[in-house]
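Subject: Structure handover

Hello,

Here is the structure I promised to pass on.

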Amino acid sequence: MKCSQIKKRFSDFLTGEIDKTTRKEIEEHVTACGSCRDELESLSAIWTKLGVLPEEQPSDSVRTRFYTALEKHKQTLEKEKEGPSLGKLLDGWLERWAPKRPVFQFSLALMLLIVGLTAGYFLRAGLQEGREIARLRQEVHQIRQIAEVSLLRQESLSERMRGIDVTSRVEQSAEGTLEALLRIVSSDTNINTRLSAIDALHLLPDYPLIQQDFVESLSEQTSPLVEIALTVSHHIKNL
Amino acid sequence: MNKATDNNLMEQVRDGNAGKLAILFERYHVMLYNFFLRLTSNRSISEDLVQDVFIRILKYRSSYKGQDKFLIWLYRIARNTHIDYLRKRKEDISLGEQCDEVPCQEPTPPEKVEQAQEIVRLSQALAKLPLKKREVIILCRFQNLKYKEIAELLGCQIGTVKALIHRSIKELGKAYFELSGGIAS
């Protein structure tokens with residue numbers, strides 16, 4: 001064998017993974033070849049020297065730490081066999097669905113915060129709006145009531161007639177309006193006004209409440225037209 | 001302590017009988033400790049790495065296939081543990097940091113001074129080698145792995161392992177003689 005082929009087997013020679021024939025070939029070659037002999041001697045020397053490095057024993061803490069970790073692992077396994085707790089199920093769910101990268105986690109948190117704030121703002125605005133509308137309705141109702149009663153008590157005939165016209169166009173009469181209209185029917189100086197008030201009262205849904213007042217007013221009337229109007233209204237309502 | 005028994009124990013660990021790992025620990029923790037000690041030249045780090053290896057075995061037990069030779073699988077985990085440790089440190093273990101830690105745990109008697117110095121020089125020379133060359137010498141010389149097993153572990157051909165061992169011994173010899181103040185052969 002050539003030197004290059006022999007040198008390739010040097011590692012086999014050192015480690016002992018070599019058959020007897022090859023070993024003999026190497027030994028014969030290095031006896032005759034000074035260069036190969038020097039190299040093999042050099043390699044063998046360091047290979048042998050490595051034998052002085054002692055095998056050491058680790059400290060007892062290695063064993064202690066291992067058995068502690070093993071015990072902990074066994075306990076975890078036993079808990080897993082008992083079935084996952086609600087907390088673990090939730091953790092597992094979050095583990096699967098929650099974003100992993102911090103930048104996405106931050107984005108999700110920010111998005112949820114914005115959604116929460118927006119929803120809160122609109123809910124609050126909606127509630128406030130509802131309250132505001134109810135308050136305004138009540139105010140309008142009160143103003144209308146004042147206006148109606150005020151018009152019905154005016155000295156001016158035309159204003160009183162206007163008041164009667166207004167009351168006849170509303171679906172529900174305001175408090176005090178009925179009283180003012182009945183007063184007109186009983187004591188207004190103008191017959192046309194009385195007749196208009198009878199018409200207005202006749203159309204109101206509150207008629208049953210004032211039926212008795214109509215009957216009593218009939219005896220006080222001096223005008224046949226008013227008497228007829230009261231009688232006809234009463235008669236029609238009782239049909 | 002045969003192959004079949006190791007494999008059988010590891011299969012039981014894989015299937016949920018974690019207690020069987022204690023037997024494997026008792027068999028192999030000293031061997032692993034010395035493997036890491038020669039790689040890192042640091043006792044405390046070597047003990048931590050042994051601990052990490054067995055924690056990883058528990059963690060990745062389901063990845064163990066019955067047909068794998070347990071010892072090769074164990075060394076694969078050990079190598080990965082060591083590589084991860086090096087990555088964390090961002091640098092290889094330097095000679096200056098660690099070489100004084102290796103040799104003697106007790107005061108050296110005068111007659112053993114020369115041997116102690118030899119141990120220091122060899123440890124320093126070993127630490128000077130690149131990681132792969134250091135690994136291959138340790139696996140072959142101290143861990144008694146065969147070419148075939150080293151090839152399987154490193155994922156290469158047997159011929160490549162032989163050539164690597166040859167080059168590594170030459171480089172180790174050169175480093176040793178430099179440290180001894182001599183001339184490399």
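The notes below go from the overall make-up to single residues.

This is a predicted model: local features need pLDDT of at least 70, side-chain atom pairs count only at pLDDT 80 or more, and totals for chains, interfaces and linings use all residues. Residues are numbered from 1 along each chain as its sequence is written, chains are lettered from A and ligands numbered from 1 in the order written, and side-chain values use heavy atoms, without hydrogens and water.

**Chain A overall**

Chain A has 12 helices and zero strands. Both kinds of element are DSSP runs, numbered from the N terminus: helices are H or I with at least four residues, strands are E with at least two. Of the 239 residues of chain A, 28% count as buried. Buried means under 20% relative accessible area, exposed over 50%, and partly exposed in between (1.4 Å probe, protein chains only). Take the contacts in chain A between residues at least 6 apart in sequence: 55% of them join residues at least 24 apart. Contact here means heavy atoms within 4.5 Å.

**A helix pair in chain B**

Look at helix 7 (residues 131-142) and helix 8 (residues 147-154) of chain B. Their axes come within 10 Å and cross at roughly 145 degrees. The axes are lines fitted to C-alpha atoms over the stretch in contact, and angles run from 0 to 180 degrees between N-to-C directions. From helix 7 of chain B, the residues in the contact are B:Lys132, B:Glu135, B:Val136, B:Leu139 and B:Cys140; helix 8 of chain B brings B:Ile150, B:Leu153 and B:Leu154. By class, that makes six nonpolar, no polar and two charged residues. Nonpolar covers Ala, Val, Leu, Ile, Met, Phe, Trp, Tyr, Cys and Pro; charged covers Asp, Glu, Lys and Arg; the others, Gly among them, are polar.

**Aromatic rings**

Rings of Phe, Tyr and Trp (its six-membered ring) pair if their centres lie within 6.5 Å; planes under 30 degrees apart are stacked, over 60 edge-to-face, and the rest tilted. The count comes to 13 aromatic pairs over all chains. One of them joins A:Tyr121 and A:Phe122, edge-to-face, at 5.5 Å centre to centre and 75 degrees between the planes. A:Tyr121 is exposed, at 58% relative accessible area. A:Phe122 is exposed too, at 55%.

B:Phe25 and B:Phe54 also pair: their centres are 5.0 Å apart and their planes at 70 degrees, so this pair is edge-to-face. B:Phe25 is in helix 2 (residues 21-40) of chain B and B:Phe54 in helix 3 (residues 43-59) of chain B, 29 residues apart. B:Phe25 is buried at 0%, and B:Phe54 at 2%. With A:Phe66 and A:Tyr67, these two form one aromatic cluster.

**Charges over rings**

The charged end of B:Arg141 sits over the ring of A:Trp47, 5.4 Å from its centre. For A:Arg23 over A:Phe13, the distance is 4.6 Å. The rule asks for NZ of Lys or CZ of Arg within 6 Å of the ring centre and within 35 degrees of the ring normal.

**Two buried serines**

A:Ser11 lies in helix 2 (residues 10-15) of chain A. A:Ser11 is buried, at 1%. Leaving aside neighbours within four places in sequence, A:Ser11 is in contact with B:Tyr147, B:Lys162, B:Ile165 and B:His166.

B:Ser168 is in helix 9 (residues 158-179) of chain B and is buried at 0%. Not counting residues up to four places away, B:Ser168 touches B:Leu129, B:Lys133, B:Val136 and B:Ile137.

Best wishes
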